[in-house]
Amino acid sequence: MMTTHYDDANIFAKILAGDIPCHKVYEDDQTLAFMDIMPVTKGHVLVIPKYPATELSDLPLDYAQAVIATAQKVIKAQRQVLQTQGITQMQLNHAKAGQSVFHYHMHLVPAHFSAFAKHESASADQDELAQLAAQLSKAIDE
Ligand code: 5GP
């Protein structure tokens, strides 16, 4: 497998290490799902592997499978909590594709694809993020 240099100081590595907080939606042995702090739309969730992969080309298949399994749980919860059917799955590989955090992450955005261009434009209200994380987390447990 081709490997890309992995920078341990990236923000998602710090979230995984517990050095920086996040609004957790779901966690298991291989993955973590949490609210995007600058959401494209309400309910925007990121799924990351607990593995130092910069992007898709670095991700072992067992972790890729685990990310997909978590994404399926999150999508189900998003549909329930946000009362929407349309969820855009997005993932950018390399700065040249617009990637800005260099730990693999899958975006799950309750929206039509065209909304994605707006990402990282405005921070969300922290209380609203916490409430959404709790609602989605509860929906996964049900
Ligand atoms: P990328 O452009 O790399 O695909 O997306 C990075 C995403 O990470 C963006 O949507 C951005 O809003 C989100 N993000 C950046 N820093 C943080 C952070 O500290 N916490 C959380 N929860 N999300 C972040």
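Helix H2 has 22 residues, which should span 32 Å at 1.5 Å a residue. Its end C-alpha atoms lie 30 Å apart, which agrees. The expected span is 1.5 Å times one less than the number of residues in the helix. Helices are DSSP runs of H or I with at least four residues, strands are runs of E with at least two, and both are numbered from the N terminus.

The model is predicted: local features need pLDDT of at least 70, side-chain atom pairs count only at pLDDT 80 or more, and totals for chains, interfaces and linings use all residues. Residues are numbered from 1 along each chain as its sequence is written, and side-chain values use heavy atoms, with hydrogens and water left out.

The secondary structure comprises three helices and five strands. Along the sequence they follow the pattern α-β-β-β-α-β-β-α. The protein has 142 residues, for which a compact globule would have a radius of gyration near 14 Å; the value here is 14 Å, which agrees. This radius is taken over C-alpha atoms, and the globule rule is 2.2 Å times the number of residues to the power 0.38. The C-alpha trace spans about 40 × 30 × 25 Å along its principal axes. Of the 142 residues, 44% count as buried. Buried means under 20% relative accessible area, exposed means over 50%, and partly exposed lies in between (1.4 Å probe, protein chains only).

The buried residues of H2 include Tyr-63, Val-67, Val-74, Ile-75 and Leu-82. Their cover includes strands S1, S2, S3 and S5, together with helix H3. Contact here means heavy atoms within 4.5 Å. Just after H2, Gln-83 takes a positive phi of about 55°.

Helix H3 covers residues 126-141. Its 16 residues should span 22 Å, and its end C-alpha atoms are 23 Å apart, which agrees. Leu-129, Leu-132, Ala-133, Leu-136, Ala-139 and Ile-140 are its buried residues. Seen down the helix axis, they fall within an arc of 130°, so they line one face of H3. The arc is that of the directions from the axis to the C-beta atoms. On the other side, Asp-127, Gln-131, Lys-138 and Asp-141 are exposed. The buried residues of H3 pack against S1 (24-27), S2 (31-35), S3 (45-49) and H2 (61-82). At the start of H3, a side-chain oxygen of Asp-125 comes to within 3.2 Å of the backbone nitrogen of Asp-127.

Technical notes: A polar contact is a pair of N or O atoms within 3.5 Å; within protein, one must be able to donate a hydrogen and the other to accept it, and residues adjacent in sequence count only if both atoms are side-chain atoms.
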